[in-house]
Amino acid sequence: MKKNDLNFEWNEGRSAGVFLHISALPSEYGIGNIGEAVIPFLEFLKSSGMSWWQICPLGPTGYGDSPYQSFSSFAGNPYFIDFGELEKAGLLEKSDLAHLSSLPKNQCDYGAIYNLIPDLLRKASKKWRESGMKDVFKNFKFSFKNFCKKNSEWLDTFALFSSLKRCNNGNPWYEWEPSLRDFKKAPKTDVAKNCEDEIFYIKFSQWVFYNQYEKFKTLAKEYGIKIFGDIPIFVAHDSADVWANPSIFELNKDGTAKNVAGVGPDYFCAEGQLWGNPLYDWKNKKAEVYEFWRKRILSASNMYDAIRFDHFRGFADYWSIPAKTNDARKGSWKIGAGADFFAFLKKHFPKTRFVAEDLGLLSKRACDLRDSLKIPAMAVMQFAFGDNASNPYFPHNVKRNCIYYTGTHDNDTAVGWYNSAEEKARDQLRRYFRSAGDSVNWDMIHSVMLSVANLAIIPMQDILGFGSDCRFNTPGKPDGNWQWRMTSENLATALEHNAPYLKSLSILGGRYREVEVKKLGLKK
């Protein structure tokens, strides 16, 4: 493929969407789900004139609950299963769900969820298995047998990995005994052979998740909503991905990391950032790494209508930190896969929509790669104020081929940012918008929606006008993240009071797309 053929430009006209992770949806089970919980939010998106719903990665999470540190690049998070459907199928009793239903409605209590959901799924899977695996889910697209067969490559690996992890008290795989650390030897061990019930429960959970997600995706399409997903560039060290594919990462023979990912010292953080993810061995295992990525993208493209590459810079150059130093300042820059990797993706996924997360400090190499690919980039309005008029995130400077945000999941809310910003930035915002500063979230939303950017995305917290206590994530903070949830009352208020204005902005800004409502049984 010629270099000039590498064009990932977004050529679909103007549109808008809302960012809200699945976990933050209102539901009666302690965390958002991909079943009944999505319907009221789809109603809100449609009523607001939106075309996109952006979410975080959907993989199963571990300590810290970050969707960007998952145990698998292919598995779904069982926390997002709609347990009401398991009750209706007769696999759980209403009393089984009482503890989940008693959890807070405005936040995710991950400690409680961790202690409740796995046992509920174990109980449901056991009851279904003992029933002879009867057809109790009338609307499932995939049968259990066909699902397991089609997804055997990652599903068998993930199920065994998860089972062995439980047998090892949750310890990371590189701390297991040598026979279990070895992916090829582990299935033959007595430990693995005694995990049959646990393996079945894991596969059952994934089967339920993917069938429910398939229904969710179909429903979203009927509402005229596309799903905007996310792929972290790096995978978690303690994951089925690395356990099963150690040769494509920079690891020692015992599975520990030689070098890990992070960010070097900069004006954001003088100490740099030590992420700890193992690095790909791009140099010596190029073909194998490419194939791993092909499978990742194939899986993601079956779930999402557009895919964002988190930490896009890492494809151009990345910060390599010797693992034994445990000090981000002692790393060095290495050359990434570059345009050759994107030529590979273009060949295999010619119609897939990709977006580059290009926030933060970028090298010339990273900027050149982004621009040569014409891949849509990101712009965040919060980053504009407090700087001079040439700042690229001001509305008068953003480009058409970009996704424009008031803020992202890693930022404070618009209101929270304004309340804690320096007076210089606050004053500049008021003068820029000819505003008193009493509705900064709507000043920003209005400007993002009317900007030249092809796609405008607004975090739900900004639509609701919430402050810092509703922030979703604070990078570098080890705990307390990813917990905020919207309540049913919040969503009802937004539907009644905010949706009509958002729709008017969508129409005014040329972002509105009429949706056929007959399939939905809705009144125009």
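**Notes on the predicted model**

1. In this predicted model, 58% of the 524 residues of the chain count as buried. The secondary structure comes to 18 helices and 12 strands. The radius of gyration is 23 Å, close to the 24 Å that the globule rule gives for 524 residues, so the chain is as compact as a globular protein of that length.

2. Taken along the principal axes, the C-alpha atoms fill a box of roughly 70 × 55 × 45 Å, and of the contacts between residues at least 6 apart in sequence, 75% join residues at least 24 apart.

3. The chain exposes about 23400 Å², of which carbon and sulfur atoms supply 49%; the mean positions of its 69 positive and 61 negative charges lie 6 Å apart.

4. Strand 4 (residues 259-263) is largely enclosed by the rest of the structure, because 4 of its 5 residues are buried. It runs antiparallel to strand 7 (residues 317-322), to which 4 bridges join it, and it also pairs in the antiparallel sense with strand 5 (residues 273-278) over 3 bridges. V260 has I321 as its bridge partner in strand 7 and stands opposite P278 in strand 5.

5. N106 sits in the loop between helix 3 (98-101) and helix 4 (110-130), and with a relative accessible area of 46% this residue is partly exposed. Beyond its neighbours within four places in sequence, N106 is in contact with Q483, W484, R485 and T487. N106 and M486 are 380 residues apart in sequence, yet their C-alpha atoms are 5.9 Å apart in space.

Key. Residues numbered from 1 in each chain as written. Predicted model: local features only at pLDDT ≥ 70, side-chain atom pairs only at ≥ 80, totals over all residues. Heavy atoms only, no water. Helix = DSSP H or I, 4+ residues; strand = E, 2+ residues; numbered from the N terminus. Buried < 20%, exposed > 50% of the residue type's maximum accessible area, 1.4 Å probe, protein only. Contact = heavy atoms within 4.5 Å. Pairing = 2+ DSSP bridges. Rg over C-alpha atoms; globule rule 2.2 N^0.38 Å. Areas by Shrake-Rupley, 256 points an atom, 1.4 Å probe, with all protein chains shown as cover. Lys, Arg positive; Asp, Glu negative; His and termini not counted. Charge placed at Lys NZ, Arg CZ, Asp CG, Glu CD.
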